[in-house]
Protein chains: 2
Amino acid sequence: MDCKSFSQHADINCSKINDSFWSPITELVRTQVIRYQYLALQDKIEGAEKSYCIENFIKAGKVKKALDEGKEVPTYPIDKWCYNDENTDENAFHGWVFQDSDVYKWIEAVGYSLRNHPDSVLEKQAMDFIDIICDAQLENGYLDTLYIINDRDKIFTNLKDNHELYCFGHLAEGAISFYDATNDGKLLNAACKFADLICDTFGENKIKGYPGHEIAELALVKLYRKTGKKEYLDTADFFINERGKKPYYFDIERNKITADDNYHYNQAHIQPKYQTEAVGHAVRGVYLYSAMADIAKENCDDELYTACGKIWDNIENKKLYITGGIGATVDGEAFSFDYDLPNDLAYCETCASIGLMFFARRMSEIKPDSHYADVAERALYNTVLSGMADNGKSFFYVNPLEVLPTASHLDSRKRHVKTVRQKWFSCACCPPNLARLISSLNTYIFSENEENVFIHQYIGGSLNTKCADINISSDYLNDGSVDFNIECKLPFKLALRIPEWCDNFDVNKNYALKDGYVYIDISGNDNVEIKFEILPRIVKCSNKVRENIGKAAVMRGPIVYCLEEWDNGKNLHMLKLCENPNFEYLNGCIYADGLREKEDDKLYSTYSKPEFSPCRLKFIPYYKWANRGENEMSVYIRI
Amino acid sequence: MDCKSFSQHADINCSKINDSFWSPITELVRTQVIRYQYLALQDKIEGAEKSYCIENFIKAGKVKKALDEGKEVPTYPIDKWCYNDENTDENAFHGWVFQDSDVYKWIEAVGYSLRNHPDSVLEKQAMDFIDIICDAQLENGYLDTLYIINDRDKIFTNLKDNHELYCFGHLAEGAISFYDATNDGKLLNAACKFADLICDTFGENKIKGYPGHEIAELALVKLYRKTGKKEYLDTADFFINERGKKPYYFDIERNKITADDNYHYNQAHIQPKYQTEAVGHAVRGVYLYSAMADIAKENCDDELYTACGKIWDNIENKKLYITGGIGATVDGEAFSFDYDLPNDLAYCETCASIGLMFFARRMSEIKPDSHYADVAERALYNTVLSGMADNGKSFFYVNPLEVLPTASHLDSRKRHVKTVRQKWFSCACCPPNLARLISSLNTYIFSENEENVFIHQYIGGSLNTKCADINISSDYLNDGSVDFNIECKLPFKLALRIPEWCDNFDVNKNYALKDGYVYIDISGNDNVEIKFEILPRIVKCSNKVRENIGKAAVMRGPIVYCLEEWDNGKNLHMLKLCENPNFEYLNGCIYADGLREKEDDKLYSTYSKPEFSPCRLKFIPYYKWANRGENEMSVYIRI
């Protein structure tokens with residue numbers, strides 16, 4: 001790896017979004033989603049599944065107070081992944097073991113939002129939550145409500161299943177974001193105290209464990225970058241390096257050397273530096289791979305970077321849905337084997353596509369190759385956006401590529417495939433993850449190093465780079481044109497990504513093309529205009545994906561389209577797309593010539609050529625599906 | 001229903017098989033399968049999963065002896081469906097709760113086999129088992145080793161989950177078969193004693209329960225027909241009529257009125273007479289429907305018969321695989337919703353297709369309509385036969401229509417889909433079920449009433465009907481010709497089924513066609529020759545079955561063909577069948593013109609017409625798949 005070419009995505013205040021497509025969405029997140037989630041975390045949304053998140057912190061605060069006062073504190077069992085009303089004492093911890101993380105992600109989103117839009121009410125709400133959170137922190141820095149409430153003696157005894165280090169990771173990310181926005185260091189101090197405890201607890205000659213659900217690793221790198229404290233980086237590195245060594249720590253912890261679990265689910269089957277394939281729980285995976293890229297970059301670690309590259313290739317070329325979804329199987333919310341990408345059984349968790357964007361961002365910082373931002377773009381405009389309803393008040397956790405409501409209702413194999421977005425989830429990782437991603441979307445636009453400003457995502461707005469202030473007028477999704485008005489401070493190269501979906505483009509400057517970016521010399525104030533040919537097009541999936549053979553999908557720019565029953569009638573599988581479909585693009589929808597196969601009534605009969613009648617198909621953007629109630633949906637169509 | 005037209009399948013000694021296709025298979029079952037299973041039931045097959053069946057009877061016999069002697073007998077918990085070595089005291093019951101039934105099915109098979117081929121060694125083996133079984137029977141007639149060994153006080157307290165009445169059903173069927181073969185009434189007496197206890201226990205003003213797994217109903221009808229004892233028929237009728245009434249007996253039994261289970265799994269959601277759709281556990285289903293048809297016939301019950309007809313139509317037209325498999329989902333080994341017939345996730349338990357043959361047989365006795373024997377034939381030549389290896393020493397429980405070994409190994413959603421036949425199963429319902437079906441196959445050839453002899457299955461051999469002795473020379477599977485040499489005793493009509501797969505046939509007599517049978521007047525010794533046009537043909541599945549749209553299967557006569565990797569290379573899904581495939585039939589295989597699609601290396605790319613190269617496809621009979629080791633298999637191919 002070439003350490004000198006590393007770039008860095010700029011801080012959040014170096015870019016502002018002003019974009020006809022994105023501004024309404026970021027505004028929706030700011031004015032609706034974050035506010036909605038504020039209520040959800042406190043269980044104030046009627047008809048939504050309960051969160052218990054803030055309730056647990058309040059309970060933990062009382063425990064902390066009682067401990068301080070030397071009072072006796074009860075214990076409750078720690079023996080489940082989810083503590084429901086039904087199975088738990090009312091004074092004990094409630095919800096999933098990782099419930100704390102939801103408020104941390106929300107605070108992270110609030111921090112980003114405040115940077116873009118100061119808002120004293122929102123800031124006060126977050127500070128109230130921070131007080132509640134900090135009241136629960138134990139004297140030694142420990143902060144996880146499950147253990148504080150239920151049993152202090154069991155802390156760090158089940159890293160595999162429980163999520164103390166995961167919650168720490170989100171705490172640190174939330175704390176940094178809020179500190180950057182407000183200069184209020186209360187939560188950051190709390191995070192550092194917990195980080196110090198973790199550094200004191202884990203390492204060589206200490207507990208040689210590592211997180212069951214990764215994220216602490218990348219959070220420790222962030223905390224290192226923020227504070228300069230080398231122990232944080234070293235502990236992150238320790239976690240990565242120790243993972244997967246034999247005998248497995250998870251076996252030692254369970255006091256059971258066993259051949260019945262090889263920890264693929266946790267990506268702990270072998271050391272990360274030897275991993276070549278994306279396996280196991282998809283969100284865990286991409287959080288780990290992101291951290292591996294972070295450490296590779298920080299330590300200029302070629303071995304780790306090579307592993308990242310192999311894993312990336314495996315995802316991009318063999319385990320990625322056209323929508324940027326990852327995780328083909330509900331069992332373990334996991335990656336399946338190569339080319340196993342079923343449409344109807346897909347998992348494609350919203351969080352996993354967000355995590356894939358994290359991984360892509362880090363890989364593009366190490367090497368500016370357009371593959372990374374291409375995949376991030378694919379995820380962003382499709383699976384990430386589909387995670388949220390038009391009105392920001394309901395969410396998808398699972399993002400399938402084909403839905404037959406009857407199957408979701410009657411076939412237990414598809415019970416995970418919801419047909420409409422849900423108000424909230426007991427396991428609510430996705431909605432606040434979406435909020436923090438969208439609220440920080442401006443940081444995904446560009447990265448920079450000494451010589452170059454790399455434009456990764458074409459979102460209109462203004463950038464303050466070291467070399468220039470750049471105003472971007474983007475009609476990217478409309479006619480494919482993006483204009484850069486540059487006030488130059490130092491000579492540099494403007495590197496513009498050529499999206500993988502684009503075969504033809506025009507740029508008003510001389511350029512050199514390298515690894516999917518056009519490099520344009522900028523030496524004074526200037527105006528760069530690039531225009532990508534953006535037309536509806538038919539995309540095929542490799543025929544190694546068994547489900548999609550003989551089928552195709554329709555895309556326009558980065559946006560994947562789908563068919564809904566509302567527009568095309570029942571039995572979407574009976575439809576066919578013509579090879580020359582006479583595409584028409586109107587109001588964001590695509591119309592195309594198609595055929596509808598005549599229904600066979602007889603279950604089995606002698607073969608005869610099927611009969612078709614012509615029809616005009618209507619495709620809508622995939623991310624907009626299920627905004628009109630329950631109905632059939634399909635991304636792929638026979639051709 | 002027209003009670004006067006009812007026919008009856010003749011007793012086993014009224015027909016002998018002498019058929020180039022079937023004789024080797026029935027001989028294999030007689031000389032290999034039954035002997036193999038004799039060892040398996042005693043856990044004497046190396047490398048096979050343990051049965052515990054005979055071991056449990058021996059243990060139960062010791063308990064019975066101790067009880068007789070007034071000794072104290074320990075109790076063990078009854079709290080599982082399967083009692084493994086790992087989780088059970090070594091003196092307690094082992095295996096599945098229905099383990100007793102395996103030896104009963106084996107004895108039933110032995111009885112049929114002895115009728116066709118007297119064999120003193122085999123008879124002695126069965127009698128030894130019968131002694132062991134009868135030694136375990138309690139004084140009051142109760143006979144189920146799980147309860148006898150583990151806890152006598154809990155008898156008949158969990159009809160929903162445990163299988164006492166199921167085991168009784170198989171006991172009765174086995175006992176009748178063995179009595180008919182040997183005139184030895186020891187087991188039949190035991191069955192009647194247990195039946196008497198059941199009749200005393202269940203009914204109006206008694207326990208108003210019914211079996212969780214049906215079969216006792218049809219066994220009681222058999223026992224009634226054998227003994228003439230009306231109580232047996234009445235108790236069967238009670239079980240059928242009581243089933244599904246509200247409040248649910250299964251709720252009462254569990255002392256829990258609940259909305260969380262509506263007992264579709266057990267077909268106990270509504271009374272059988274109101275049922276219109278095949279739902280729940282497929283084997284349970286077809287055993288119930290068979291009993292409903294039995295009762296409808298015995299009592300000339302129109303309401304029950306109408307329900308049978310609706311359920312039959314639902315199976316035949318919406319829930320039947322081309323292979324005669326039923327049960328599309330592993331969850332509950334159950335029927336899925338209409339037209340949900342996935343190829344790769346299929347369950348298609350061997351037992352379920354056998355049970356479907358039972359249902360078909362009974363329906364055709366009530367009304368001679370060729371649909372019934374057509375479906376029985378479809379099941380017999382495909383899913384039933386595929387349940388057993390060429391050498392009779394390994395078995396399939398699940399019979400998928402498409403197998404990718406990688407998926408079975410790596411995708412937990414397909415863990416139930418085995419890629420090779422197994423030596424035995426801990427849950428070994430299928431192998432002995434196969435043995436009893438094949439051993440009694442001669443009874444499926446014809447049924448008769450006052451005026452007609454109905455030929456349902458074209459299997460060569462000799463029949464002794466009331467009106468004539470008939471010698472059948474069958475080249476049915478070879479050139480489609482079947483000759484009937486008739487020695488007439490009384491004038492009658494010979495009714496020959498025209499298989500649904502046959503469009504053209506020749507018969508050397510005048511005939512009238514009705515409900516799929518040609519009726520030929522026979523008034524003296526005669527020779528009837530019929531010849532069905534039997535050619536390889538392409539069959540399509542209704543396009544309402546989403547998985548099969550754009551695909552087709554190849555059949556010849558009743559036999560479904562499939563592609564195997566050994567013959568056609570990897571990635572069977574890349575193959576296409578030409579519409580005019582230039583079929584060649586050679587040594588039981590079918591060769592056809594096809595195309596192989598060129599592999600795409602890129603996961604996503606702009607659509608271009610796929611490239612194909614011509615190839616010659618080789619199809620083998622579906623029932624012969626996986627006899628050459630693990631490999632890809634597919635019934636359907638794109639066309």
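What follows is a walk through the sheets, helix contacts, loops and chain interface of a predicted model.

Some ground rules come before the tour. The model being predicted, local features need pLDDT of at least 70 and side-chain atom pairs count only at pLDDT 80 or more, while totals for chains, interfaces and linings use all residues. Residues are numbered from 1 along each chain as its sequence is written, chains are lettered from A and ligands numbered from 1 in the order in which they are written, and side-chain values use heavy atoms, with hydrogens and water left out.

The sheets make a handy starting point. Helices (H or I, at least four residues) and strands (E, at least two) are DSSP runs, numbered from the N terminus, and two strands pair if DSSP finds at least two bridges between them. In chain A, six strands line up as E2-E8-E9-E10-E15-E12 in an open sheet with antiparallel pairing. Strand E2 (15-17) and strand E12 (505-507) of chain A sit at the edges with a single partner strand each, so one side of each has no neighbour in the sheet. From one strand to the next the twist averages 15 degrees; axes here are lines fitted to C-alpha atoms, for helices over the stretch in contact, and angles run from 0 to 180 degrees between N-to-C directions. At the E12(A) end, three bridges tie E12(A) to strand E15 (residues 526-532) of chain A, the two running antiparallel. There, A:Asp506 has A:Lys531 of E15(A) as its bridge partner.

Chain B has an open sheet too, with six strands in the order E1-E6-E7-E11-E14-E13 and mixed pairing. Its edge strands are E1 (8-9) and E13 (512-514) of chain B, and each pairs on one side only. Within this sheet, strand E6 (residues 446-448) and strand E7 (residues 452-455) of chain B pair in the antiparallel sense over three bridges, with B:Ser447 opposite B:Phe454 of E7(B). Helix H14 (residues 370-386) of chain B lies across strand E11 (492-497) and strand E14 (517-522) of chain B, and runs at about 50 degrees to E11(B).

On to the helices. In chain A, the axes of helix H4 (residues 120-136) and helix H7 (residues 186-201) come within 10 Å and cross at roughly 30 degrees. Contact means heavy atoms within 4.5 Å. Here H4(A) brings A:Ile130, A:Asp131, A:Ile133 and A:Cys134, and H7(A) brings A:Lys186, A:Leu187 and A:Ala190. That gives five nonpolar, no polar and two charged residues, where Ala, Val, Leu, Ile, Met, Phe, Trp, Tyr, Cys and Pro count as nonpolar, Asp, Glu, Lys and Arg as charged, and the others, Gly among them, as polar.

Helix H6 (residues 164-182) and helix H8 (residues 216-227) of chain A have axes that come within 8 Å and cross at roughly 30 degrees, again left-handed. The residues of H6(A) in this contact include A:Phe168, A:Ala172 and A:Ile176, and those of H8(A) include A:Ala219 and A:Leu223. The contact of H6(A) with H8(A) divides into 10 nonpolar, one polar and four charged residues.

In chain B, the axes of helix H8 (residues 216-227) and H9(B) come within 7 Å and cross at roughly 160 degrees, so H8(B) is roughly antiparallel to H9(B). The crossing of H8(B) and H9(B) is left-handed. Among the residues that meet are B:Leu220 and B:Tyr224 of H8(B) and B:Leu233 and B:Phe239 of H9(B). By class, this contact has 10 nonpolar, two polar and two charged residues.

A:Lys246 and A:Pro247 are joined by a cis peptide bond with omega at about -5 degrees, and A:Pro247 lies in the loop between helix H9 (230-242) and helix H10 (249-254) of chain A. In chain B, a cis peptide bond joins B:Lys246 and B:Pro247, with omega about -5 degrees. B:Asp43 has phi near 60 degrees, a positive value in a residue other than glycine, and is found in the loop between helix H1 (22-40) and helix H2 (53-68) of chain B.

Finally, the chains meet through 61 residues from chain A and 61 residues from chain B. About 5,200 Å² is buried between them, with carbon and sulfur atoms giving 50%; buried area is the accessible area (1.4 Å probe) that two parts lose on being put together, summed over both. A:Lys540, A:Arg546 and A:Tyr604 supply 17% of the area that chain A buries against chain B, more than any other three residues.

How values were computed:
A crossing is left-handed if the near helix is turned anticlockwise from the far one by less than a right angle, and right-handed if clockwise. Angles under 35 degrees count as roughly parallel, over 145 as roughly antiparallel, 65 to 115 as roughly perpendicular and the rest as oblique.
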